[in-house]
Amino acid sequence: MKAAQCWAMDKTCIIEAVRKKYDLLQPILNERMRRQWAASEALSLPRGGITLVSQATALSRNTIEAGICELQTQVGLPLEEVHPERVRRPGGGRHPLLRNDPTLIEDLEALVEPATRGDPQSPLRWTSKSTRKLADALNARGHKVSHVSVADLLHDLDYSLQANRKTHEGKGHPDRDAQFRYIAEQVRAFQKEGQPVISVDSKKRELIGNYKNPGQEWQPEGKPEQVKVHDYPDKQLGKVTPGGVYDLTLNEGWVSVGIDHNTAQFAAETIRRWWQAMGSKVYPDAKKLLITADSGGSNARRCRLWKVSLQELANTLTLAISVCHFPPGTSKWNKIEHRMFCHITENWRGRPLRSRATVVNLIGSTTTTTGLHIEAAMDVNKYPLGIEVTEEELAAIRIRQHSFHGEWNYTISPNPKH
């Protein structure tokens, strides 16, 4: 037993010694010198020297054995016949595929991106283009190539793995840019007068419970957060919808964490809660309010319930509420998306949203280096779907459409009795 322990200690010392020497010499060794130095070390050690050197240097046994073979065959040869300038033996190295198969590149590019995009004859038109499938398709055409060589050829052709990028927004409205300018002008005008300007929207619904949340968070090595395998909604906890209000002037935000449907009434109630908790304190002399919003969703420009809810809100706050909608397909330009919601998502990345209180606390603790401040609270009200707005209710709205695209820009004033 003692002999075995001593030998184990000796092996550890040998490996460490060889590793230190290798680390010092590696920067100045080329491929041939590296394998022959490793071979000389292996030959100088007792039985098992190849294994010990392989463990110390991470070189394969085949490489070390090739070096031993070279050292043994070079013994006794004149210096000029050793060819010290060569790294590999004559004829060694990768054989050029393109020299032996001139049509390989043409066929590979045809498979990766057919000249006619709708070409039904392309064998990989409706399947994934992995290097293995590309290699199989090329071999079926008479080429002899491996998936590793296919990957090398694709890199040589300046191909790389690419994810989809969202850039196409569909057909843009001819007055899209003009609407952006109009919104900017309205925002500046309200801010110059000291009147509140807010951006409103809702985040996607979030599962509440011990579920995986995208992203990574620092944890002790080998101790990740344990979460459920399947994302089936918990019948008790359900889902929540964070509805947000972002103050463009003060860089402050409010989030109502709703437990029911994301309707126009929920959106209007979120604005009311922001005003009650934050807005009225910093804008005590406000006479009007400007809202920038998307063209779809619960605050859609064509949503009747949205306008009815805004009329009720204007009556409650005694403020004239102006709304400017972003053109269709341009919701990503809404300030709340990249000034507030993205930071909330970053703050809770990799953390399971195990309870509604967790969501509120994570949102409320979101900050940025530019001084973003957010407050959040639960909204346990019920917001039923399918509410019909009658023609009488629609006609009772005190709405004034602006001269420029009144369907996008309008003002709703409070009723005189309020």
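A residue is called buried here when its relative accessible area is under 20%, exposed when that area is over 50%, and partly exposed in between (1.4 Å probe, protein chains only).

A word on the model before we go on. It is predicted, so local features need pLDDT of at least 70 and side-chain atom pairs count only at pLDDT 80 or more, while totals for chains, interfaces and linings use all residues. Residues are numbered from 1 along each chain as its sequence is written, and side-chain values use heavy atoms, with hydrogens and water left out.

## Salt bridges

Side chains of opposite charge can pair when their charged atoms come close. Taking a salt bridge as a side-chain nitrogen of Lys or Arg within 4 Å of a carboxyl oxygen of Asp or Glu, a search of the whole structure finds 13 of them.

| Pair | Closest N and O atoms |
|---|---|
| Arg19 and Glu16 | 3.0 Å |
| Asp107 and Arg141 | 3.7 Å |
| Arg272 and Glu269 | 2.7 Å |

Helices below are DSSP runs (H or I, at least four residues), numbered from the N terminus, and strands would be runs of E of at least two.

Let us begin with helix α1, residues 2–25. Arg19 and Glu16 are 3 residues apart in this helix, so about one helical turn separates them. Arg19 is partly exposed, with a relative accessible area of 30%, and Glu16 is partly exposed too, at 35%.

Helix α10 (residues 264–282) holds Arg272 and Glu269, again 3 residues apart and about one turn of the helix from each other. Salt bridges that share partners join Glu269, Arg272, Arg273 and Asp379 into one network.

What does the pair of Asp107 and Arg141 link? Asp107 forms its salt bridge with Arg141, and the pair links distant parts of the chain, 34 residues apart: Asp107 sits in helix α6 (residues 104–112), and Arg141 in the loop between α7 (131–140) and α8 (147–156). Asp107 is buried, with a relative accessible area of 17%, while Arg141 is partly exposed at 43%.

## Back to helix α1

Asp23 also lies in helix α1 and is partly exposed, with a relative accessible area of 46%. The C-alpha atoms of Asp23 and Thr57 are separated by 8.3 Å, with the two residues 34 apart along the chain.
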